[in-house]
Amino acid sequence: RQVASDASFHSVTFSESDHPRVLITGGLGQLGVGLAKLLRKRFGKNNVILSDIRKPADNVFYSGPFIFADILDYKNLREIVVNNRITWLFHYSALLSAVGEANVPLARAVNITGLHNVLDIAAEHNLRLFVPSTIGAFGPTSPRDPTPDLCIQRPRTIYGVSKVHAELMGEYYHYRYGLDFRCLRYPGIISADSQPGGGTTDYAVQIFHDAIKTGKFKCYLRPDTRLPMMYIDDCLKATLEVMEAPAETLTMRTYNISAMSFTPEELAQEVQKYVPELQMTYNVDQVRQAIADSWPMNFDDSNARRDWGWKHDYDLPELVTTMFSYLGSDSR
Ligand code: AKB
């Protein structure tokens with residue numbers, strides 16, 4: 001540890017070793033690279049290891065430590081945690097809602113068996129563990145407008161079932177073994193420089209790319225399908241905040257977080273402020289529509305706001321402005 005020598009600054013500087021040593025699984029999905037960037041700024045580049053079973057793009061590989069980690073391989077994961085003295089684990093490996101329905105055995109293996117490996121390793125090595133959950137952890141018998149933290153959860157997708165399982169197992173390990181488990185239920189996440197893969201809310205990312213490229217967008221959900229959504233920076237901010245929150249402020253271990261809710265029609269109107277000629281058409285995909293119809297329309301996140309001061313920065317107009325400033329509406 002280095003202590004600042006000039007006492008007049010009244011500050012203590014810490015070496016990288018005072019920070020958590022972080023592992024992110026499933027790091028090449030929509031959120032991992034952005035999370036690694038945020039955490040590296042805070043904890044130091046070498047304290048944050050991104051991992052996946054795929055080969056990273058060059059810019060990802062050279063921006064900080066990257067390793068192969070297969071969450072289905074218990075020994076491989078355990079070795080990584082031990083060899084790198086990991087103290088915090090962000091578990092992002094998962095198959096999302098639509099792709100999960102297309103391959104239930106794989107979704108069950110990755111989302112449930114993989115989670116069991118992560119939980120056991122986290123408990124054994126005293127890690128602080130973050131597992132994302134989702135609006136998809138609710139179902140048709142849940143109150144949908146708004147959906148509180150504690151209510152009926154009977155999802156009808158393997159994704160939702162696996163996420164309810166993750167919430168319950170994490171909380172069980174917390175109360176039974178003292179595991180420092182923390183979990184947020186994410187809305188649909190919208191990002192400019194990374195793509196979601198196989199979700200039901202993906203249309204809200206694709207519309208920006210198609211509007212810019214072709215001026216046309218074919219939406220697979222009905223125009224009036226209302227779902228909770230969030231800009232990626234808010235999602236990553238919430239994730240870091242809940243991980244840094246003092247344990248005594250957390251009255252729960254699984255929180256809803258919310259920022260905005262909109263329909264495809266409302267999003268299209270906002271996008272048309274930047275691409276007035278956008279032609280929106282609808283070709284409803286019954287599988288994804290049925291999933292969306294069973295999910296919350298509005299998310300009640302009052303517990304997160306009360307307990308650890310959650311506050312979103314982006315609502316719909318800011319989200320759309322930010323997406324176009326990243327993607328550039330003149331790049332057609
Ligand atoms: C999905 O659509 O499956 C995900 C989610 C809301 O969890 N984006």
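So, contacts along the chain. If you take the pairs in contact that sit at least 6 apart in sequence, 76% of them join residues at least 24 apart. Keep in mind that this is a predicted model, so everything I show you is computed from it.

What does the overall fold look like in numbers? The chain has 12 helices and 12 strands. The C-alpha trace spans about 60 × 45 × 40 Å along its principal axes. As for the radius of gyration, a compact globule of 332 residues would come out near 20 Å, and the chain has 20 Å, so the two agree. Buried residues account for 44% of the 332.

Okay, helix packing. I picked two pairs.

The crossing is right-handed. Who makes the contact? On the α1 side we have Gly 34, Leu 35, Leu 38 and Leu 39, and on the α8 side Ile 232, Leu 236, Thr 239 and Leu 240. Sorted by class, that contact has 6 nonpolar residues, 2 polar and no charged ones.

The second pair is α5 with α6. Here the axes come within 10 Å and cross at roughly 15°, which makes α5 roughly parallel to α6. This crossing is right-handed too. From α5, the residues involved are Val 104, Ala 107, Arg 108, Asn 111, Ile 112, Leu 115, Leu 119 and Ala 123. Facing them from α6 are Ile 158, Tyr 159, Ser 162, His 165, Ala 166, Met 169, Gly 170, Tyr 173 and Tyr 177. By class, this α5 and α6 contact has 12 nonpolar, 4 polar and 1 charged.

Now some backbone details, if you want to click along in the viewer.

Which peptide bond is cis? The one from Asp 145 to Pro 146, with omega near 0°. You'll find Pro 146 in the loop between β5, residues 128–134, and α6, residues 158–177.

Arg 85 has phi of about 50°, and it's in the loop between α3 (74–83) and β4 (88–91). Is Arg 85 buried or exposed? It's exposed: Arg 85 has 10 other C-beta atoms within 10 Å, and 12 or fewer counts as exposed. Asn 126 has a positive phi of about 60°. That one sits in the loop between α5, residues 104–124, and β5. Asn 126 is exposed as well, with 11 other C-beta atoms within 10 Å.

Last stop, Val 99, which lies in helix α4, residues 97–102. Val 99 has 16 C-beta neighbours inside 10 Å, so it counts as partly exposed. What does Val 99 touch, once you leave out residues up to four places away in sequence? Gly 197 and Gly 198. Compare that with Leu 179: Val 99 and Leu 179 are 80 residues apart in sequence, and C-alpha to C-alpha they are 30 Å apart in space.

That's my tour, and I'm happy to go back to any of these spots.

How values were computed: Residues numbered from 1 in each chain as written. Predicted model: local features only at pLDDT ≥ 70, side-chain atom pairs only at ≥ 80, totals over all residues. Helix = DSSP H or I, 4+ residues; strand = E, 2+ residues; numbered from the N terminus. Rg over C-alpha atoms; globule rule 2.2 N^0.38 Å. Buried ≥ 20, exposed ≤ 12 C-beta atoms within 10 Å, placed from the backbone. Contact = placed C-beta atoms within 7 Å. Left-handed = near helix turned anticlockwise from the far one by under 90°. Nonpolar A, V, L, I, M, F, W, Y, C, P; charged D, E, K, R; others polar. Axes fitted to C-alpha atoms, helices over the stretch in contact; angles between N-to-C directions. Parallel < 35°, antiparallel > 145°, perpendicular 65-115°, else oblique.
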